[in-house]
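Colleague: I have a structure open and would like to learn how to read it. Could we go through a few features one at a time?

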Amino acid sequence: MSSAREQKAAAIRRLLDEEGDSVFENVTGFNQGRYDSTGELDDYQALREEARQIKEDAIDRLPELIDELTESVEANGGTVYVAEDAADANRYIREVAEESDADSLVKSKSMTSEELEVNDALESAGVDVWETDLGEFVLQVADEAPSHIVAPAIHKSREGIADLFNEQFAPDPPLETAEELTMFAREYLGERIKEADIGMTGANFLAADSGTMALVTSEGNARKTMQATDTHIAVAGVEKVIPTVEDLAPFIELIGRSGTGQDITSYISLLTPPTDNPTFDGDTLLDGDADRDFHLVLVDNGRMEMREDEVLRETLYCIRCSACSNVCANFQHVGGHGFGGETYSGGIATGWEAGVHGYDTAGEFNDLCTGCSRCTEACPVKIDIPWINTAVRDRINRGKESDLDWVYEGLTPDAEPGGLDLVKRMFGNFGTLAKLGSAFAPLSNWIAGADVSRTLLEEYVGVDSRRPMPEFTRHTFEKWFDGRGGSHVDPENADREAVLYLDVYTNYIDPDRGKAAVRVLEALDVHVRVPKPIESGRAPLSQGMVATAQQQATAVFNELKSYMEEGVDVVAIEPSDLAMFRDDYRRLLPEDDYRRLDDASYEVFEYVSGLVQNGADLDALPDGDGEEIAYHSHCQQRSYGFDGYTEDILEALGYDIVTSDVECCGLAGSFGYKREYYELSVDVGETLADQFSTEETADRDVLASGTSCGDQLDHLLDRKPTHPIERLDPR
């Protein structure tokens, strides 16, 4: 295995061991809080749509809004400086400090200031800088980078923070409880605030019409920071500008609920600086007539280029709530020190890092996004984060030059450059691999499983030798269907007609689930047709092979077009393939073609449910008779809202069902096969396996809707999972 892969694997093992438990406990709590809090909103989806429209409009009109904001702030007596990049912003901030003859500066939490590395810039100019946010203060003392956009020290345990403070400050008696740690920091930082010459804050939103700044915080330190000194510097990316104060409403409703599960955060501060309030030295108000100096530093640092970029533009809609981090299974286990770059972390980090720091830093963690789409459902402004990550991955792939492009163009079925990573190329062409494996089975399975083959695959391709390889069958579903003479339901007497999309796994590895789907649909009076097998494009898309995915999407549409013209429904067994039809194809196909397939396609249980609702006889399927089963729904089933259909049908048939609430199985297609990610994949998977190993679930048969879910559970449990459609098989 390459040294780069080994280094990444070692780093992930360290994070799993040292930080994983704290990260998991905290972010899963935030995530559950989001479910609970947003579930209480009758207009949640309407608020998301409103927030999205405001951000779209603001980014569209950004140059004019910046001009309007500048006029508003200057009319209020403040100063606006638009910084071209980090160096420009830091130069201006240092000049303000010099003009103020400042020896010390206190800061409230600001990711933009982290992006600028403003602390280092000021300290190099002789200005003492103190973070007043408790989490940021902990990291300042520890000399560590944040691991979460909202809760920067989320990877630290209480015991670890106590050890840190006791070592650095030697309090007597030593600190131990959370209350003692908090009170110590409050008193220590209170003194720093009293002594400070300048206060610095970020800004969650900036209203162009009035110059009003909104700060959304969980601690009161931001208010103290900006009020304790007569010079206030606010640092914000240009994307924080919105048109009006009234536009704040949906964001105030959404940001706390999305990030930490709070209905509203502890402190929401709206101010139009410079304020005329008197300063204070902790408890005592000082001269109420003192002049207040306010500087708003608006930071470009690549954002205007992102605005013109069709992929990165949507990143600018981000309101930095961290919901994409909290919902992400991989982030839940390694945090932002693994799933993050120079400044930003979590799902949206790829867009930010590519835009403000460059593709090299984005490429270091981009593969940790598995495209499960849970983050899109969680994002309060509906950013298509998986697509940003995929498109950036594609750009990174294409940035790797090779003298062998001509060889790959002649020997591989993909449309990718020669410099593409071998493991990505292998899994991106999995359909071709499966076709060959099936043609030469069982010999191909024996060769692939041999010790020497696994060693070579691990060393030169990066496929972990501990992960069982899929076993191909020579008796494909396609051969079975043709051999039985097609559908056994007369099309003239059928209630419906459906084409069963033939995915790679069903055809070449597990035909039984396809056979079951056919027999179930036939039992419900559906005439079933099967097209020739064509890959949906999911495999190459997951590797960032966008051109190849587009080729396959076009081929799928062309194959299904004639069926749809006849009014035939399209039914998919594999949820990730349906997710391609329902969402990803909007990026890969002409709009009209995408809409046609989106409207015509169904997940198999979604389709069965629709048949039953429209009069199909559920009694045609076998009764569950109280049988106890444990079920895990695929992540994209939940994202697209058709996870409940499987449970509804199984319960209607009389099964006693326990459903997992784990976001992801951890295998995620090819992700868990890659050497550098195997330990993380298993760690995520064990969270799911644990739910199926309790006193209530340990003896239940396990059902899993997704291919990866079933393979992961098969790897981690002593029970082989099956697809739930097989439980409905009249056989």
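Colleague: Which residue is the bridge partner of Ile 629 in β17?

Modeller: Keep in mind that this is a predicted model. In β17, Ile 629 has Asp 701 as its bridge partner. That pair belongs to a set of four bridges joining β15 to strand β17 (residues 701-704), and the two strands run parallel.

Colleague: With which other strand does β15 pair, and in what sense?

Modeller: β15 also pairs with strand β16 (residues 656-659), in the parallel sense and over four bridges. There, Ala 630 has Val 658 of β16 as its bridge partner.

Colleague: How many of the residues of strand β15 are buried?

Modeller: Buried here means under 20% relative accessible area. Four of the five residues of β15 (residues 628-632) are buried, so the strand is largely enclosed by the rest of the structure.

Colleague: Which way do the residues of strand β13 point?

Modeller: In β13 (residues 569-572), Asp 569 and Val 571 point one way, while Val 570 and Ala 572 point the other way. All of them are buried. β13 pairs in the parallel sense with strand β11 (residues 496-501) over four bridges, and Tyr 501 has Ala 572 as its partner in β13. β13 is also joined by three bridges to strand β14 (residues 601-603), again running parallel. In β14, Ser 601 stands opposite Val 570.

Colleague: What is the order of the strands in the open sheet of six?

Modeller: The order is β1-β10-β7-β4-β2-β3, with parallel pairing. β1 (79-83) and β3 (128-131) are at the edges with a single partner strand each, so one side of each has no neighbour in the sheet. On average, neighbouring strands of this sheet are turned by 20 degrees against each other, direction ignored. Inside that order, β7 (residues 231-237) and β10 (residues 293-299) are paired over seven bridges, with Leu 296 of β10 as the partner of Ala 234.

Colleague: Which strands does helix α5 touch?

Modeller: Helix α5 (residues 86-99) packs on the sheet and touches β1, β4 (198-201), β7 and β10. Its direction makes about 150 degrees with that of β1. Helix α4 (residues 62-75) lies across β1 and β10, running at about 170 degrees to β10.

Colleague: And how do I read two helices against each other?

Modeller: Two packed helices are described by the angle between their axes and the distance between the axes. Helix α27 (residues 511-523) packs with α32 at an angle of about 10 degrees, the axes being 11 Å apart. That makes α27 roughly parallel to α32, since angles under 35 degrees count as such. The contact is made by Ala 517, Val 520 and Leu 521 of α27 together with Val 604, Tyr 607, Val 608 and Leu 611 of α32. By class it has seven nonpolar, no polar and no charged residues.

Colleague: Is Ser 609 buried or exposed?

Modeller: Ser 609, in helix α32 (residues 604-613), is buried, with a relative accessible area of 6%. Leaving aside neighbours within four places in sequence, Ser 609 is in contact with Tyr 645 and Ile 649.

Colleague: How far apart are the end C-alpha atoms of helix α12?

Modeller: They are 17 Å apart, which agrees with the 16 Å that its 12 residues (residues 248-259) should span at 1.5 Å a residue. In α12, 10 of the 12 residues are buried, so the helix is largely enclosed by the rest of the structure. Among them are Phe 251, Leu 254 and Arg 257. After α12 comes Gly 261, whose phi is positive, near 80 degrees.

Key: Residues are numbered from 1 along each chain as its sequence is written. This is a predicted model: local features need pLDDT of at least 70, side-chain atom pairs count only at pLDDT 80 or more; totals for chains, interfaces and linings use all residues. Side-chain values use heavy atoms; hydrogens and water are left out. Buried means under 20% relative accessible area, exposed over 50%, partly exposed in between (1.4 Å probe, protein chains only). Two strands pair if DSSP finds at least two bridges between them. The expected span of a helix is 1.5 Å times one less than its number of residues. Contact means heavy atoms within 4.5 Å. Axes are lines fitted to C-alpha atoms, for helices over the stretch in contact, and angles run from 0 to 180 degrees between N-to-C directions. Angles under 35 degrees count as roughly parallel, over 145 as roughly antiparallel, 65 to 115 as roughly perpendicular and the rest as oblique. Ala, Val, Leu, Ile, Met, Phe, Trp, Tyr, Cys and Pro count as nonpolar, Asp, Glu, Lys and Arg as charged, and the others, Gly among them, as polar.
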